[in-house]
Amino acid sequence: MQKSRNIFFVKNLVLLKVTKFGCKRMLSKAIGSRIQVLRMRKKLTQLELAKLANIHRSYLAAVETGDRNISLESLEKIIHALNMDYNSFFQDLNTYVSSN
């Protein structure tokens, strides 16, 4: 029996309907990849971004690789530390979901 996955894109925000397994990890990896790309564009190390966001560097590293789920609170801190807003952060997330 094949697992079914439905992906819905609403105003650049990715909403996932999950039956059984699959999309949760894909979303974590996509968000982590997006954070990593934005951090590198700003020429920040993981340690520098972690300090700006007031989170631990090892947590940031695990989020970037998709090994840890990010809390909304931590995501907000990171977005703020990158001098972005939610719309800008999620603007191209569908690219990261498709590639992971």
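**Labels and what backs them**

Author: Let's start with a pair: E64 forms a salt bridge with R39, with the closest N and O atoms 2.7 Å apart. Keep in mind that this is a predicted model, in which local features need pLDDT of at least 70 and side-chain atom pairs count only at pLDDT 80 or more, while totals for chains, interfaces and linings use all residues. Residues are numbered from 1 along each chain as its sequence is written, and side-chain values use heavy atoms, with hydrogens and water left out.

Reader: How many salt bridges does the structure hold?

Author: There are 2. The other partners are K77 and E73, whose closest N and O atoms are 3.8 Å apart. That is still within 4 Å, so K77 and E73 get the label too. Both lie in helix α4 (residues 72-81), 4 residues apart, which is about one turn of the helix.

Reader: How do you know whether K77 and E73 are buried, partly exposed or exposed?

Author: By relative accessible area: buried is under 20%, exposed is over 50%, and partly exposed is in between, with a 1.4 Å probe and protein chains only. K77 comes out at 28%, so it is partly exposed. E73 has 54%, so it counts as exposed. Across the protein chain, 37% of the 100 residues count as buried.

Reader: Which residues of α4 are buried, and why can we say where on the helix they lie?

Author: The buried ones are S74, L75, I78, I79 and A81. Looking down the axis of α4, they fall within an arc of 165°, so they line one face of the helix. The arc is taken from the directions that run from the helix axis to the C-beta atoms. On the other side of α4, L72, E73 and H80 are exposed.

Reader: What makes α2 "roughly perpendicular" to α3?

Author: The axes of α2 (residues 46-53) and α3 come within 9 Å and cross at roughly 110°. Angles of 65 to 115 degrees count as roughly perpendicular, under 35 as roughly parallel, over 145 as roughly antiparallel, and the rest as oblique. That puts α2 and α3 in the roughly perpendicular class. The axes are lines fitted to C-alpha atoms, for helices over the stretch in contact, with angles running from 0 to 180 degrees between N-to-C directions.

Reader: Which residues make the contact between α2 and α3?

Author: Q46, L47, L49 and A50 do it from α2, and R57, L60, A61 and E64 from α3. Contact means heavy atoms within 4.5 Å.

Reader: L60 is on that list. Is L60 buried or exposed?

Author: L60 has 0% relative accessibility, so it counts as buried. The buried residues of α3 are Y59, L60, A61, A62, V63 and E64. Setting aside neighbours within four places in sequence, L60 is in contact with I35, Q46, L49, A50, I55 and I78.

Reader: What is the phi of N54, and where is N54 found?

Author: N54 has a positive phi of about 60° and is not a glycine. N54 is in the loop between α2 and α3, and at 63% relative accessible area it is exposed.

Reader: What about N83: where is its place in the chain?

Author: N83 lies in the loop between α4 and α5 (86-90). Its phi is positive, near 55°, again in a residue other than glycine. With a relative accessible area of 67%, N83 is exposed.

Note on methods
Salt bridge = Lys/Arg side-chain N within 4 Å of Asp/Glu carboxyl O. Helix = DSSP H or I, 4+ residues; strand = E, 2+ residues; numbered from the N terminus.
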